Amino acid sequence: MGLVKRGAALLGAGLLGLCTLGGQAEAKDKYKIYLSMSYIGNDWQGEAANMVKAMAASKEMADKVDLQVQVAGPNAQRQIQQINAMVQAGAKAIVVFPISPTALNAAVKNACGKGVVVIAYDGEITEPCAYNVTIDQGEAGRVTAEWLAKKLNGKGNIIAITGVPGTSVDTLRTKAAKEVFAKYPDIKIVNEAVGMWSQAVARTELSKIMATRKWDEIDGLWMQVGCYTANTMQIEAGATPDKLKPCAGEGSNGGRIQMLPVGTEVEGANGTYTPMAAPRISYASPPYSGGLALKLAVAKLDGKDIPKHTVLPLPIVTNETIKLCQEGSWAEMKAGCNAFKPSLVSNPGWFASIYSAETPELGLSAALVGQPEN
């Protein structure tokens with residue numbers, strides 16, 4: 001079974017209910033830690049879950065962690081209920097992707113009061129007792145909007161595709177980007193849609209928009225997820241690679257392969273999953289954030305001090321800094337590669353910003369199939 005198929009099988013098994021690592025006898029001597037996920041309808045969430053599982057299975061953690069996974073969907077009340085049940089079931093720590101920065105606060109405060117360590121990744125929780133692991137989401141929105149504004153020389157019609165409504169991630173990115181665009185009176189957001197951080201949803205929403213517009217009426221795009229899809233749709237509409245619109249958006253591997261110079265030899269490249277010199281700035285909330293959150297939770301349970309808010313470096317890649325990984329090893333990523341051959345990663349929507357010096361346990365296999373480096 002191939003890596004991606006095995007990864008899908010592993011993820012599916014984990015998301016159908018509770019996934020326990022280790023037998024019940026072994027679990028008695030381990031920290032019972034829950035992964036509480038909300039929305040899972042995109043590539044990023046599945047990849048992040050894989051990296052949490054890989055961290056739990058690493059040689060440093062396998063004898064310490066009994067990991068169980070629950071999925072609430074985009075429903076804050078259900079996530080609250082699940083967190084309360086986790087506490088009652090004896091959770092020592094809860095690693096959570098929160099559907100809202102505030103809605104979970106009472107449940108989180110209750111958990112903290114029972115001695116449970118609660119640590120959120122990517123999205124933030126505002127309850128003071130919680131720990132958070134995030135990028136600076138405002139910086140992400142601001143830097144990408146500034147790049148697009150400069151690329152357009154301060155004027156033009158743009159399309160904005162946002163993320164999952166209600167999350168701190170979407171709110172902060174979108175607010176910061178719009179504040180930048182407001183400084184340029186000749187830049188106009190002519191269409192805006194909710195993209196749910198999904199290439200598929202981005203295609204649906206862009207298709208609706210382009211049913212009443214032509215691509216030559218659009219000068220650029222700001223997309224939390226969807227630049228790969230937008231480039232693909234332009235090619236399907238008859239554009240040549242040199243005519244692609246500048247796109248400020250996500251760190252999907254497909255989008256980064258498209259950023260490579262035309263003619264670059266890339267094993268497995270096919271269709272629009274191929275080098276096009278597409279004008280891009282590519283950023284990401286790194287999917288390793290959940291794995292790092294688990295590592296920090298264990299450190300806290302072991303009696304160590306951890307930061308209340310861990311702010312991760314914002315991974316930014318442009319056409320000038322794109323670098324193809326030949327093998328996808330952790331050492332190669334450490335040396336600076338930031339895009340993976342389609343022969344290694346068949347899904348163009350998969351997120352490529354998986355490297356961190358803080359998580360040597362997590363590499364390509366962790367992101368694809370939930371298997372640690374060691």
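Reply: Begin with accessibility: a residue is buried under 20% relative accessible area, exposed over 50%, and partly exposed in between, with a 1.4 Å probe and protein chains only. Ala277 has a relative accessible area of 36%, so this residue is partly exposed. The model is predicted, so local features need pLDDT of at least 70 and side-chain atom pairs pLDDT 80 or more, while totals for chains, interfaces and linings use all residues. Residues are numbered from 1 along each chain as its sequence is written, and side-chain values use heavy atoms, leaving out hydrogens and water.

Me: Which hand does the disulfide of Cys112 and Cys129 have?

Reply: The torsion about that S-S bond is about 80°, so the disulfide of Cys112 and Cys129 is right-handed. Cys112 belongs to helix 5 (residues 105–113), and Cys129 to the loop between strand 4 (117–121) and strand 5 (131–134). The link of Cys227 and Cys247, with -80° about the S-S bond, is left-handed. Cys227 is in helix 9 and Cys247 in strand 9 (residues 247–250), so this pair ties together parts 20 residues apart in sequence. Cys325 and Cys337 form a right-handed link, with 95° about the S-S bond.

Me: How many aromatic pairs does a search of the whole structure find?

Reply: Rings of Phe, Tyr and Trp (its six-membered ring) pair if their centres lie within 6.5 Å; planes under 30 degrees apart are stacked, over 60 edge-to-face, and the rest tilted. The search finds 7 aromatic pairs. Tyr228 and Tyr273 have ring centres 6.2 Å apart and planes at 75°, so this pair is edge-to-face. Both Tyr228 and Tyr273 are buried. Trp330 and Tyr355 are tilted because their planes are at 55°, with centres 5.1 Å apart. Trp330 is in helix 12 (residues 330–334), and Tyr355 in the loop between strand 14 (339–340) and helix 13 (364–369). Ring pairs also link Trp44, Phe97, Tyr121 and Trp197 into a cluster.

Me: How many residues line the largest pocket?

Reply: Rolling a probe the size of a water molecule over the atoms shows where empty space is left. On a 1 Å grid over the protein atoms alone, with a 1.4 Å probe, a pocket is an open set of points with protein on both sides within 12 Å along at least five of seven lines; lining residues have an atom within 4 Å of a point. The largest pocket is lined by 23 residues, and Tyr355 is one of those nearest its centre, as are Tyr288, Pro315, Ser353 and Ser356.

Key
Helix = DSSP H or I, 4+ residues; strand = E, 2+ residues; numbered from the N terminus. Disulfide = S-S within 2.5 Å.
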